[in-house]
Amino acid sequence: MSFVLVLLLALHGSALGQTLSSSFYDSSCPNLTTIVRAAVQQAVQAEARIAASFVRLHFHDCFVNGCDASILLDGANLEQNARPNAGSARGFDIVDSIKSSVESSCPGVVSCADLLALIARDSVVALNGPSWTVVFGRRDSLTASQSAANANLPPPTLNASALITSFQNQGLSTTDMVALSGAHTIGQAQCTTFKARLYGPFQRGDQMDQSFNTSLQSSCPSSNGDTNLSPLDVQTPTSFDNRYFRNLQNRRGLLFSDQTLFSGDQASTRNLVNSYASSQSTFFQDFGNAMVRMGNINVLTGSNGEIRRNCGRTN
């Protein structure tokens, strides 16, 4: 374990300064990791794409008022129906099923926010990606904000400079941003998120390999087909590896917000892409560290929030 990661395990939540800890549930829910790991492996074996969906849920949760499971709250005017989530955020039913299993073993103990962090880690591991030590002690929010989700979740049209700012606003570095973008080595995206790249008008600095563009047009026509899916990593879409960064070097990034990391005007992001493309181990280490940091954004601890018994509604 790296020295940096060891230091990260002493992270503090924003509320009351209470420390998150990898041993938080050792006594109160000793079977937690076993239950979650088995459930995630089963889900990923049934559909590899769900691993990316789980990681995305954790990311979309943390970027909206902190890692507090607000994205899991059901409601027409809540985060699930914000523009970045409506029709694309998924996996809620499996999270609910995992929560039910955990509740059966240790009722009223494990927060939904902690579950999302653990499920995300186990999803990456299930597709041969890196592991990292998940710290616990988060509590669940009592509310959710659709407007905050619309405002805080970075759209796929942002350039490198705007992405750096978006992540800095969450306390994350440029290295964290590029490493976390590497989660796009798995999963798929809807045609509507990249159609403009295929047919124009094109953003400044947007570059796409012509043969890649042509191949995408068959599944993403200029009219209709907005919900058709294409893999974010055309090379190894169900394996968590560093091929995503090699794709960017070859101008085969699916989203503008992906390709801009290499083709945009930020040398810092381009250098990181080159580093991760040449060293999977460097990418894996930085990704794990970034996931730990992201999982600490504005967490609720102590007596703030609650431990939901059902992730979809408050107690």
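A: Happy to. In sorting lining residues, Ala, Val, Leu, Ile, Met, Phe, Trp, Tyr, Cys and Pro count as nonpolar, Asp, Glu, Lys and Arg as charged, and the others, Gly among them, as polar. This is a predicted model, in which local features need pLDDT of at least 70 and side-chain atom pairs count only at pLDDT 80 or more, while totals for chains, interfaces and linings use all residues. Residues are numbered from 1 along each chain as its sequence is written, and side-chain values use heavy atoms, with hydrogens and water left out.

Now to the pocket itself. A pocket here is an open set of points on a 1 Å grid over the protein atoms alone, with protein on both sides within 12 Å along at least five of seven lines, and lining residues have an atom within 4 Å of a point. The largest pocket has a volume of about 980 Å³, a volume being the space filled by probe spheres set on the points, which are joined across faces, edges and corners. Of its 38 lining residues, Arg-56, Phe-59, His-60, His-184 and Leu-255 are the closest to the centre. By type, the lining divides into 21 nonpolar, 12 polar and 5 charged residues.

Which elements build that lining? Helix α3 (49-62) gives the most, with 7 residues. At least two residues each also come from α7 (160-168), α8 (174-181), β1 (188-190), α12 (256-263) and α14 (280-294); helices (H or I, at least four residues) and strands (E, at least two) are DSSP runs numbered from the N terminus.

As for location, the largest pocket lies between domain 1 (31-152) and domain 2 (160-293), because both give residues to its lining. Those bounds come from an automatic or database domain assignment. The domain centres, taken over C-alpha atoms, are separated by 22 Å. Contact (heavy atoms within 4.5 Å) takes in 20 residues from domain 1 and 18 residues from domain 2. The two domains bury about 1,500 Å² between them, with carbon and sulfur atoms giving 73%; buried area is the accessible area (1.4 Å probe) that two parts lose on being put together, summed over both. On the domain 1 side, Arg-49, Phe-63 and Trp-132 lose the most area to domain 2, together 34% of what that side buries.

What about charge pairs? With a salt bridge taken as a side-chain nitrogen of Lys or Arg within 4 Å of a carboxyl oxygen of Asp or Glu, there are 0 across the interface of domain 1 and domain 2.

Technical notes. On a 1 Å grid over the protein atoms alone, a cavity is a set of points where a 1.4 Å probe fits but cannot get out, and a pocket is an open set with protein on both sides within 12 Å along at least five of seven lines; lining residues have an atom within 4 Å of a point.
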